[in-house]
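Take a look at the model below.

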Amino acid sequence: MIKYIVRRLLGAIPVLFGLSIILFAFIHLLPGDPAATILGQHARPELVDAMRHRLGLDLPLWQQYLNYVGDLLHGDLGRSFVNNRSVVDDFFVRFPGTVELTLAALAFAVGLGIPMGRWAARKPQSFSDGFITVVSLVGVSIPIFVLGLSLQYVFAVQLHILPASGRIDPRLQVPYTTNFLLIDTLLAGRPDAFVDSLRHLVLPAIALGSIPLAIITRITRASVLDVTHEDYVRTARAKGLTEKRVDGRHIMRNAWLPVVTVIGLQVGGLLAGAVITETVFAWNGVGKWVVEAIEAHDYFVIQSSILIFALIFLLVNLVVDIGYAFLNPRIRYS
Amino acid sequence: MATKAATPATVRVPVESRASRGLWRDALVRLRRNRPALVGLACIAIFVFVAFFAPWLAQYDPNKGGLGKTFEPPSAAHWAGLDKLGRDELTRVMYGARISLVVGVVSVTVGLTIGGLVGAIAGGVGGRIDTILMRITDVFLAIPGILLAIGIVAWLGQGLVQIMIAVAVANAPIFARILRGSLLSLREAEFVTAARSVGASRTRLLLRHMLPNALTALIVAATLALATAIIDVAGLGFLGLGPPDPRTAEWGTMLTDSTEALRRAPWLIFAPGIAIVISAIGFNLLGDGLRESLDPRLKR
Amino acid sequence: MTTTTPPPAPAPTAAGAAGGVASVPLLSVRDLVVRFRTQDGTIYAVNGIDFDLAEGETLGIVGESGCGKSVTNLAIMRLLPKPAGRIERGRILLDGQDLVVLSESEIRAIRGRDVAMIFQDPMTSLNPVLTIEEQMVETIRAHRTTSKEEARARAIELLEMVGIPKPETRLKAFPHQFSGGMRQRVMIAMALALDPRLLIADEPTTALDVTIQAQILEILARLATESGTALILITHDLGVVAGMTKRINVMYAGFVVESATTPELFALPSHPYTIGLLHSIPRLDSDGDEDLIPIEGRPPDQRVEPVGCPFAPRCAWRIDDCWSDNPGLAAIDGRAAVVMTGPAATHRIACFNPPTHDEALAGRPLREGFRPAPPPGTLPEDTGFEGLGSEEALEALEPQGAEHSPLLPRDEALLDAGRDRGQYPGDADRDSHR
């Protein structure tokens, strides 16, 4: 098992190496001179030269690359072109918002998708199965921004039961400590603010979670149906076990395996989807930060956020694979 | 006489169950019986028809403003209402289909070509080349979906060609993985072993026996990718990374505009929103149908 | 269904001739009809069968795949795949209690406790994510209120019984850490965990290596005898039942076509299908190729309601009546009193034109000038199959599953075994033949 984890960790190294090259190229092969871009079109040449020197752009490419990797290993992602703030610092201010949103969306997708998939699998070809199939088809076909805008219109503009955008009502004035608002509000002893931030979370989480919800529902349904036809399920029934036990212990324990893999794969989609969701709902997270950076041509921020998202994605997949191995004795003991 | 009677029956060649007319014909027969896939095909047909004949179907000029009040609600003259410049929303959605269709098809085709080549080389040649190509693929796969496209457009600058490249590059590694995967599993298939045992050359084995069979998975993936591509293109447009000319009728860009007027003119979400959903549903349904038709074992 | 004529249901106690066995049978199946409703139409899987099984008796059920032998036994367990499979008619009496009408929780109490089952493929019949211990303990605790420790002790005892070394440590293992033969031993141990009165073994050795098969059968036979458990052994291999069971039912297309004690069946095979089975297996002392006579054609399409004798299209002895009427199962000597169980069980066949003993040995009709009756509606000269049903019906005959060959498994010693009055050849014996 430990061997397996080590092997998986070693396997990530070439990917990280490749990633660093691509992201390095992203900045250094940019059309135009980054220094000139930072300073604007009409900057004086000597200022541009000074900037080039400061950024290390006058060094040979290989040395620039080594510096870049060295900085990365020290946890230094550079400074924003635009406001000269540390990218890492800004990232950690924004990141909790994205984590909150992503986890809420994942909880929505998993919490609803697995029961729906099991329900659909219970009676294949029935009305409920057909209904769930259609819901999951629409789920994968409706873009986040279309769903998000529709939810905003119905629940915020028309019904006024949920807030349309933002993470919390700014008038509530909660002190930020962790930047996880659900935690900060509790730390501040403000249940009203906690509920308010929770209410702000509902619509974005649904919009972001709809695609994973559809995918998890489908895979759960298929997986449960597959396992239901396995010989060992018949064995379990032949032993005189109750249906509840056959379902919970013999079917679900096996049906989980592909579902877990798919849940892991959704994390990448959720992070990418967060970029759009945060834009729709004016949600202050990494995604919105990236979009602002694109508008401002703030390349270090774009580069770094792509790097961090990829790191998170790799890490989550590693965790999922290890979790899978724990659930599946055929891998655990080999 | 006795000997003749002794034979219990004349030897009879077993009739093969509905003589197979080849993989593709059989798949077509199954596809025609697959109702969801036909619904999908109908959605796609509408989408393609509108894209092709937008200038004849639409009653107005997509860029001509001031057709009425700005943000005029839907009426008999303007079924989907007017936008912020008083342009006909329905006309713009029809013209938007052209961009979505062209960008979607081109980007998926390019992605399919690049990814297919990489996958075929990796899965066909194997060894160190396979390892290197798959590592590179892994790097691209590590960057989540549309984020890669966003990065590429941010890097290359705005423009339709750039969007096509971005979506193609985001899709290519997926295609490479799929093709390589099916080639690897086919390598162990009995009919390939059989072909190898009668001395088929490596190239012939790959081109004649393995690729045609591996292509089925790729075709399914490409169909489903068209749905994603249309959504991604609109997503880029929504993020302000659409065509550089803000007047271009593009579904995602139109939705961004409608965000600004969500309270005043909520109907502006509907036309482009429904257009995206219908075309995505079409390709998703067709993709699922193709999967079931091409691989009958999956059918339950 | 007018042509299926169930035999007169004999009184369970009408066993006077048998002498000792005069009690109520353990299992009594009467007029059992099972159908599957699928998208392609109704499948007539079991078409009215009757048989009894006495306490501690062993019965072999033999036939090609799709003949209804497995379906019959799944029906006994009420484990037919839902919602397609349904018991349409009939009774399944276990100790006089009709299992067909039991509620789901009542049948559940019987499964595993009174009737246990061993399946064909030990590789897929054990749950891959649960340890052997978890799977055995849950079986015991589903029916008995014992502590986990007691159940575990019982599991160790059972694994020892089936010859698994170091049972204490092996209990912690997962199925994939066992070989196929060892897994089947685990299945047997699990099936015997609650001392069931009836054990159904559905092709227990088909998926195993030849060398392992004999070991598993030996364990099965020994344990069934020791515990006095009645055994139904389902197989397509006449060689397996020859040594294992006291009685044999031969099934074809959802009908029992011949039923006899094992020695009687091998000494005097009387139904054309049984004869065909015996002649389609190569024998060691064959002096020429005339010995091997394959059964031509394929089993009938079970999506068509059976009319006439199901074997008629493939039968060399068929007469005109065979096309239109189904000969019910009846005593071979024409006597009305039928003994259903025990060593004196009546030899019964379902045939209008039974082959003679000489014909049975030859494997073909020897009567001067006899020709199989042509299908109705064809010219008398036409002895082929061209007139049989539509093309579609013929196409649909394609049997499913791996064991579809009408040439049933090669067991070189089979006919020798038959001469030895049903003695199953030992493993060493078999190997020395190779």
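C:Arg247 and C:Glu57 form a salt bridge, with N and O 2.8 Å apart. The model is predicted. Are the two partners buried or exposed? C:Arg247 has a relative accessibility of 2%, so it counts as buried. C:Glu57 has 8% and is buried too.

The structure holds 43 salt bridges over all chains. Another of them is in chain A. There, A:Arg94 pairs with A:Glu292, and the closest N and O atoms are 3.6 Å apart. Again the link spans distant parts of the chain: the two residues are 198 positions apart. A:Arg94 belongs to helix α5 (residues 87-122), and A:Glu292 belongs to helix α12 (residues 286-295). A:Arg94 is buried, because its relative accessible area is 17%, under the 20% limit. A:Glu292, at 31%, counts as partly exposed.

Now cross from one chain to another. C:Glu134 meets A:Arg249 in a salt bridge, 3.8 Å from N to O. C:Glu134 is in helix α4 of chain C, residues 132-143. A:Arg249 is in helix α11 of chain A, residues 243-280. C:Glu134 has a relative accessibility of 25%, so it counts as partly exposed. A:Arg249, at 18%, is buried. Side chains of opposite charge can pair when their charged atoms come close.

The pair does not stand alone. Salt bridges with shared partners join C:Glu134 and A:Arg249 to A:Lys239, A:Arg245, A:Arg253 and C:Glu138 in one network.

Next, chain B. Its secondary structure comes to 11 helices and zero strands. Chain B has 300 residues, and 52% of them are buried. Its radius of gyration is 25 Å, whereas a compact globule of 300 residues would have one near 19 Å. The C-alpha atoms of chain B fill a box of roughly 100 × 55 × 30 Å along the principal axes. Consider the contacts in chain B with a separation of 6 or more: residues 24 or more positions apart account for 69% of them.

Chain B also touches chain A. How many residues does each chain bring to the contact? Chain B gives 36 residues and chain A gives 47. The size of an interface is often given as the accessible area lost when the parts come together. Here, chain B and chain A bury about 3600 Å² between them. Carbon and sulfur atoms account for 80% of that area.

What about charges and polar groups? The rule finds one salt bridge across the interface of chain B and chain A. A:Arg218 and B:Asp288 make that bridge, at 2.5 Å from N to O. Across the interface, two residue pairs are in polar contact.

Which elements of chain B give two or more residues to the side that touches chain A? They are α5 (127-142), α6 (145-156), α9 (202-238), α10 (251-260) and α11 (270-294). Of these, α11(B) gives the most, with eight residues. By class, this side of chain B has 25 nonpolar, six polar and five charged residues.

Conventions. Residues numbered from 1 in each chain as written. Chains lettered and ligands numbered in written order. Predicted model: local features only at pLDDT ≥ 70, side-chain atom pairs only at ≥ 80, totals over all residues. Heavy atoms only, no water. Contact = heavy atoms within 4.5 Å. Buried area = accessible area lost by both parts, 1.4 Å probe. Salt bridge = Lys/Arg side-chain N within 4 Å of Asp/Glu carboxyl O. Polar contact = N/O pair within 3.5 Å; in protein donor to acceptor, adjacent residues only side chain to side chain. Helix = DSSP H or I, 4+ residues; strand = E, 2+ residues; numbered from the N terminus. Nonpolar A, V, L, I, M, F, W, Y, C, P; charged D, E, K, R; others polar. Rg over C-alpha atoms; globule rule 2.2 N^0.38 Å. Buried < 20%, exposed > 50% of the residue type's maximum accessible area, 1.4 Å probe, protein only.
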